[in-house]
Amino acid sequence: MAFLLQVYATHNSCPPHAFHRTIYVFICRDSNCSSINQSSNLCVFRCQLPKVNPYYSSEKPFDPDLDGEVPDPYFDQLKYAKICAACGCKASKKCGKCEQRWYCSREHQILDWQDGHKLACGKPPENDINEKMDTSEKLNELPGKKPRVANNGFLFPEYGMELATDYVPRNEIDSDCDDECEEEEEDDKLAKKFKELKQYEVTTNEISAKDLEGLEETPKDLAFNHFHKALSREPEQIMRYDRGGTPILATDLAPIPSNIPKCELCGAPRSFEFQLTPHLLSLMEVDSVGSSIDWATVLVYTCSMDCAIPDSGYVKEFVFKQDFVLEPSEAAETQNNGVDEA
């Protein structure tokens, strides 16, 4: 799976062992793995560290922009795990020629070789084409809407996220509710009239198909209306964060979250934390309809107790995916599409 995004998400109520808390999302790049209303092509992990730990200063964060070109006193190559030069995940293999580049698999070693390492293998690190950008350049280029081009064909373009609070006026919420109620009343009237006409047709056989034209029952999708209105206020939003809140479902015509599995470590209930929106697909450059990764929304649920993770490692959390479906019959599938966390 390829790295999709990460969120540093801590708060004052976090226990001491979760002073630092980050959520990571990974996704399979193969469009064949992107099944309708199935989240098996996504994985979410939670990682936590206490304030005092071997990796970060407990006094202040290390900032190359402020501290200048000085070595990070907490950086120790012997202490840190080796990571793959292609994807950033834990590596167990290294280049047999230069013994400097590490990989998680042979496939990513081949990918990195084709994307430039063959020109730099055996040369000093500063000549490696994947190391041309210094730290300050990387930090200065990441924030904002201009993406950093991926180092290879496996990674997605890299962006920084800008945060804003979505303040919804109360009168707008009331207006939305009124509109939805009116729409629902009209649908109910139409459905009632349709049934009456059908009953009349059965009893008298005097009504034609033309009389029923335009009166076919249509499934209601109030959730989509609400989802559309919420996103239209900020069309470029890619994520909505509301820990402990309620997600905005994308549609009523797809399965909805139910029976969210409890935390596999402590057994505590999981709570909603954030959701991804369809606009992120365009930034990932995978928005070809019907032939690429797709979703209507992706919902992420995490342990409500922020329980301790053995060895300060990573634990898998729950992810649920909704898709826009064309046929109402597709919504009759299982109501728990993400229970199988494998």
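# A walk through the model, starting at a salt bridge

Let's start with a pair of charges: E317 and R46 form a salt bridge, with their closest N and O atoms 2.6 Å apart. A salt bridge here is a side-chain nitrogen of Lys or Arg within 4 Å of a carboxyl oxygen of Asp or Glu. The two partners come from distant parts of the chain, with E317 in strand β9 and R46 in strand β3 (residues 42-49), 271 residues apart. Helices (H or I, at least four residues) and strands (E, at least two) are DSSP runs, numbered from the N terminus.

Before going on, a word on what you're looking at. This is a predicted model, in which local features need pLDDT of at least 70 and side-chain atom pairs count only at pLDDT 80 or more, while totals for chains, interfaces and linings use all residues. Residues are numbered from 1 along each chain as its sequence is written, and side-chain values use heavy atoms, with hydrogens and water left out.

Buried means under 20% relative accessible area, exposed means over 50%, and partly exposed is in between (1.4 Å probe, protein chains only).

How many salt bridges does the structure hold? The count is ten. Another of them joins R243 and E273, whose closest N and O atoms are 3.7 Å apart. Here R243 lies in the loop between β6 and β7 and E273 in strand β7, so the pair ties together parts 30 residues apart in sequence. R243 counts as partly exposed at 21% relative accessibility, whereas E273 counts as buried at 0%. Salt bridges that share partners also join R21, R243, E273 and D306 into one network.

One more arginine deserves a stop. R101 is found in the loop between β4 (93-94) and β5 (102-103), and it is buried, with a relative accessible area of 9%. What does its side chain touch? It makes a polar contact with the side chain of D112, at 3.0 Å. A polar contact is a pair of N or O atoms within 3.5 Å; within protein, one must be able to donate a hydrogen and the other to accept it, and residues adjacent in sequence count only if both atoms are side-chain atoms.

Now for the rings. Searching the whole structure turns up seven aromatic pairs. Rings of Phe, Tyr and Trp (its six-membered ring) pair if their centres lie within 6.5 Å; planes under 30 degrees apart count as stacked, over 60 as edge-to-face and the rest as tilted. F3 and F26 have ring centres 5.9 Å apart and planes at 70°, so this pair is edge-to-face. F3 lies in strand β1 (residues 2-8) and F26 in strand β2 (residues 20-27), so the pair ties together parts 23 residues apart in sequence. F3 counts as partly exposed at 29% relative accessibility, while F26 is buried, with a relative accessible area of 14%. Ring pairs link F3, F26 and F45 into a cluster.

Another pair brings in helix α5. The rings of F224 and F324 have centres 5.6 Å apart and planes at 85°, so they are edge-to-face. F224 lies in helix α5 and F324 in the segment after β9 (314-322), so the pair ties together parts 100 residues apart in sequence. Both count as partly exposed, F224 at 33% relative accessibility and F324 at 40%.

Which residues of helix α5 (residues 222-232) are buried? They are A223, F227, A230 and L231. Seen down the axis of α5, these residues fall within an arc of 90°, so they line one face of the helix; the arc is that of the directions from the helix axis to the C-beta atoms. They pack against β6 (239-241), β7 (270-276) and β8 (297-303).

Finally, step back to the whole protein. Its secondary structure comes to six helices and nine strands, and 35% of its 342 residues count as buried. Contact means heavy atoms within 4.5 Å. Among contacts between residues at least 6 apart in sequence, 61% join residues at least 24 apart.
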